[in-house]
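Me: I have a new structure open and would like a quick tour. Can we take it piece by piece?

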Amino acid sequence: MRVLGIETSCDETGVAVYDTDRGLLAHALYSQIALHAEYGGVVPELASRDHVRKLLPLVRQTLAEAGLGTADLDGVAYTAGPGLVGALMVGAAAGRALAWALDLPAVGVHHMEGHLLAPLLEDPTLKPPFVALLVSGGHTQLVEVAAIGQYRLLGETLDDAAGEAFDKTAKLMGLPYPGGPELARLAESGRPGRFTFSRPMTDRPGLDFSFSGLKTQVLLAWQASDRKPETRADIARGFEDAVVETLAIKCKRALDQTGIRTLVVAGGVGANLRLRERLHALVGAPSGANLLPLPSAKKGFAPEGAPTGEGRVCFPRPAFCTDNGAMIAFAGALRLQAGQRETPAVTVTPRWDMASLPPL
C-alpha cells in the first residue's frame with residue numbers, strides 16, 4: 001500500500017508518503033515556531049489557521065517528491081488525536097475529504113502510537129515486546145508493548161511532562177521560544193555538579209513522574225543567583241541532568257519489572273543528546289560509544305543507575321522524534337493493512353487513551 005500521512009496535532013504540519021514494500025518515499029514538515037514566537041507559546045487558533053494555509057501545498061509537494069499523483073495512493077492516514085481540537089480537525093477534514101474524493105480507505109491515527117512506532121520506520125529488526133518511553137512536550141509515559149496495538153501503561157507524569165518542564169524552565173530563565181531546545185543547547189556549556197536538583201519521585205516505588213517541583217527548584221536557584229551567563233548555563237546543566245537521570249532511573253525500573261531488555265524512546269525529548277547517551281549507557285551500547293558516567297549517589301534520588309546488562313535501546317532519527325507525517329503514514333499503513341477503516345464522518349479525539357486502541 002502507498003499511504004499518505006497527515007499530521008496536524010499542534011504547531012507542525014507534516015505530510016509523508018509511505019510504501020509498505022519500499023518504505024518512506026517522501027516527507028515534508030512545516031514548523032510554526034516563527035508564528036508563535038511572538039506570543040511565547042502556541043496559540044491554538046493561529047495554529048489551526050496556519051495548518052489550513054500550509055497543508056494542501058505540502059501534500060502537493062510531498063507527492064511530487066515521491067513521483068506520485070493522487071491516483072497512485074492506496075490509503076490516507078491522519079492524526080485524529082490527542083492534540084489541539086482545531087488543529088486536529090484541519091488534518092482530519094482534509095484527509096477524510098481526500099480519501100472520499102479518491103474512493104480510498106482512511107484511518108485516524110493515535111498521535112502517540114505514531115511516536116511509539118517511529119523507530120520501526122527505519123529498523124525492521126525491531127519487534128515487540130519492548131518498553132517504550134514516550135517523552136515530549138505533552139506526554140511522559142512508560143508503556144509496555146506486547147504487540148503493535150497491545151499497550152499497557154506502566155507510569156506517566158502527574159503534572160508537567162518532561163518537554164513541558166524544559167519549555168517552562170527555559171521561559172523562567174529568560175530563554176527565547178521554543179525554550180526546550182534552547183535550554184538543552186545552553187546546558188552543553190554548563191558545568192556539571194555546580195547546581196544539583198532532586199530527581200523527583202525516585203525515592204519511592206513506582207513508575208510515575210512529576211516535574212513541576214523540579215521547575216520550582218530551578219526558579220528559586222535562578223532568582224538567588226548572580227544571573228551571569230555562565231551561571232545560567234550551569235543551572236541549565238543541573239536541570240537537564242536531573243531530568244535525564246529521573247527518566248533513566250524510571251526506565252531501568254520498568255525494564256526490571258517487566259523483564260524486557262529492549263527500550264524504545266520516542267517523542268521530542270528523545271532527540272536530547274544527553275538522554276540518548278545516558279540510556280545507551282544504562283541499557284547497552286556499541287563499543288566505543290560516547291557515554292555519560294554513572295551518577296554518584298546524592299541526597300534526593302536513588303542511585304539506581306547501574307547498567308541492566310545486555311540490552312538494546314532504540315531511537316528514531318532526530319527529525320522523527322518531533323511531530324512528523326512519516327510516523328502517521330507508517331502507523332496508518334499498518335492499521336489499513338490490518339483492515340481498519342473510518343466511516344465518512346470527520347471525527348477527532350483531543351483526549352485519547354492509547355490503551356483503548358484495537359490490536360492489530
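Me: Is histidine 111 buried or exposed?

Reply: Histidine 111 is buried, at a relative accessible area of 6%. Buried means under 20% relative accessible area, exposed over 50%, and partly exposed in between, with a 1.4 Å probe and protein chains only.

Me: What am I looking at, and how are residues counted?

Reply: This is a predicted model, where local features need pLDDT of at least 70, side-chain atom pairs count only at pLDDT 80 or more, and totals for chains, interfaces and linings use all residues. Residues are numbered from 1 along each chain as its sequence is written, and side-chain values use heavy atoms, with hydrogens and water left out.

Me: Where does histidine 111 sit?

Reply: Histidine 111 is in helix H4, residues 111-117. Helices (H or I, at least four residues) and strands (E, at least two) are DSSP runs, numbered from the N terminus.

Me: And what does histidine 111 touch?

Reply: Not counting residues up to four places away in sequence, histidine 111 touches Glu7, Ser9, Thr79, Gly81, Pro82, Asp323 and Met327. Contact means heavy atoms within 4.5 Å.

Me: Proline 82, then. Where does that lie?

Reply: Proline 82 lies in the loop between strand S4 (75-81) and helix H3 (85-102). Proline 82 is buried too, with a relative accessible area of 9%. Beyond its neighbours within four places in sequence, its contacts include His110, His111, Met112, His139 and Trp352.

Me: New topic. In what order do the five strands of the open sheet come?

Reply: The order is S3-S2-S1-S4-S5, and the pairing is mixed. Strands pair if DSSP finds at least two bridges between them. Strand S3 (23-31) and strand S5 (106-110) are the edges, each with a single partner strand, so one side of each has no neighbour in the sheet. On average, neighbouring strands of this sheet are turned by 20° against each other, direction ignored.

Me: How do S1 and S4 pair?

Reply: Strand S1 (residues 2-7) pairs with S4 in the parallel sense, over four bridges. Leucine 4 has valine 76 in S4 as its bridge partner.

Me: Which helices pack on that sheet?

Reply: Helix H2 (residues 44-66) touches S1, strand S2 (12-19) and S3, and its direction makes about 150° with that of S3. H3 touches S1, S4 and S5, and its direction makes about 160° with that of S4. Axes are lines fitted to C-alpha atoms, for helices over the stretch in contact, and angles run from 0 to 180 degrees between N-to-C directions.

Me: How many residues of strand S7 are buried?

Reply: Six of the eight residues of S7 (residues 140-147) are buried, so S7 is largely enclosed by the rest of the structure. Strand S6 (residues 130-135) runs antiparallel to S7, joined by six bridges. A hairpin of four residues links S6 to S7. Six bridges also join S7 to strand S8 (residues 150-156), again antiparallel.

Me: What about the largest nonpolar core? Which residues have the most contacts inside it?

Reply: Leu133, Leu142, Leu263 and Leu279 have the most contacts inside this core of 45 residues. A nonpolar core is a set of buried Ala, Val, Leu, Ile, Met, Phe, Trp, Tyr and Cys residues joined through side-chain atoms within 4.5 Å. H8 gives the largest share, 12 residues. A second, separate core has 34 residues, including Val107 and Ala326.

Me: H8 next. At what angle do H6 and H8 pack?

Reply: Helix H6 (residues 179-187) and helix H8 (residues 229-258) pack at about 105°, with their axes 8 Å apart. That makes H6 roughly perpendicular to H8. Angles under 35 degrees count as roughly parallel, over 145 as roughly antiparallel, 65 to 115 as roughly perpendicular and the rest as oblique.

Me: And how do H5 and H8 pack?

Reply: H5 and H8 pack at about 170°, with axes 11 Å apart. They are therefore roughly antiparallel to each other. Ala162, Ala165, Phe166 and Thr169 of H5 meet Phe239, Glu240 and Val243 of H8.
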